[in-house]
Amino acid sequence: MKEVTKKALVSAAGILMTISLVGCGANSKSQSTETAPDAAAAVESGSTDVPPEAASKLHLKGGDAFPNFEATNISNDETVTNEVFKKNKVTVLSFWFNGCTSCVKEMPLLQELSDKYKDQGVSVLGVNAEAGFTDDAKKEGQDILSKQGITYDNIAFNSKSDANQVIEGLTAFPTTMVIDQDGKLVGDPITGGLNKLEGSELLKRVDEALAKAKDN
């Protein structure tokens with residue numbers, strides 16, 4: 001068994017706390033919302049305040065560079081790094097965890113986005129918040145993807161990766177980030193699950209990023 005470092009344990013604890021506090025769903029009027037019972041005291045209805053427990057974590061906003069990371073594709077164990085941003089004109093990062101029903105519910109719409117735009121240089125990349133820490137969580141995540149018929153890649157940040165601070169700083173699940181070729185966020189993170197693809201803020205961001213993308 002590999003030795004689990006103190007940094008990895010701290011990161012795992014922080015992510016688990018984020019999941020329990022934030023729960024599944026955001027306080028968004030345009031997206032489907034669902035707040036976990038544990039999060040009710042921490043996230044008041046209609047509030048977008050960052051939970052105090054996450055205040056020291058990394059909260060990205062439009063124009064920020066996504067931190068360097070090393071991750072594992074949870075379906076084939078291939079290594080994925082920030083280089084993925086350079087390979088695509090636009091990368092859509094969708095943060096989710098296994099017990100989040102809103103996260104799972106929006107997966108078919110993200111698959112639709114992937115199928116529709118993959119030939120235009122757009123890649124959808126799911127980020128499972130739990131799968132990097134236990135084999136059971138990884139297996140559960142794999143089963144969810146299989147049942148939903150998801151073919152776009154899903155990754156888990158390595159347990160010692162600084163990018164886990166992004167997950168620890170999230171205020172809702174699912175959260176979606178649109179990343180350009182330079183690894184920078186196009187607009188602020190989008191919180192809450194998709195109800196539809198056409199006319200959504202996500203699709204507008206993708207089209208905006210595509211219009212500005214350089215030809216490879």
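Guide: Helices (H or I, at least four residues) and strands (E, at least two) are DSSP runs, numbered from the N terminus. This is a predicted model, in which local features need pLDDT of at least 70 and side-chain atom pairs count only at pLDDT 80 or more, while totals for chains, interfaces and linings use all residues. Residues are numbered from 1 along each chain as its sequence is written, and side-chain values use heavy atoms, with hydrogens and water left out.

Visitor: Where is A163 found?

Guide: A163 is in contact with F66, P67, N68, F69 and F157, leaving aside its neighbours within four places in sequence; contact means heavy atoms within 4.5 Å. As for its element, A163 lies in the loop between β5 and α5 (164-168).

Visitor: Does A163 count as buried or exposed?

Guide: Buried means under 20% relative accessible area and exposed over 50%, with partly exposed in between (1.4 Å probe, protein chains only). The relative accessibility of A163 is 0%, so A163 counts as buried.

Visitor: Which strand pairs with β5 in the antiparallel sense?

Guide: Two strands pair if DSSP finds at least two bridges between them. Strand β4 (residues 122-128) is joined to β5 by two bridges and runs parallel to it, with N154 in β5 as the bridge partner of G126. The antiparallel pairing, over three bridges, is with β1 (residues 70-73).

Visitor: What is the angle between the planes of F66 and F69?

Guide: Rings of Phe, Tyr and Trp (its six-membered ring) pair if their centres lie within 6.5 Å; planes under 30 degrees apart count as stacked, over 60 as edge-to-face and the rest as tilted. The structure holds seven aromatic pairs, and ring pairs link F66, F69, F85, F95 and F157 into a cluster. Both F66 and F69 are buried. Their pair is edge-to-face, with centres 5.9 Å apart and an angle between the planes of 90°.

Visitor: How many contacts beyond four places in sequence does the model have for residues 26-30?

Guide: pLDDT is the predictor's confidence in each residue, from 0 to 100. The chain averages 81, and 73% of the residues score at least 70. Over residues 26-30 the pLDDT stays under 50, and the number of such contacts in the model is 17.
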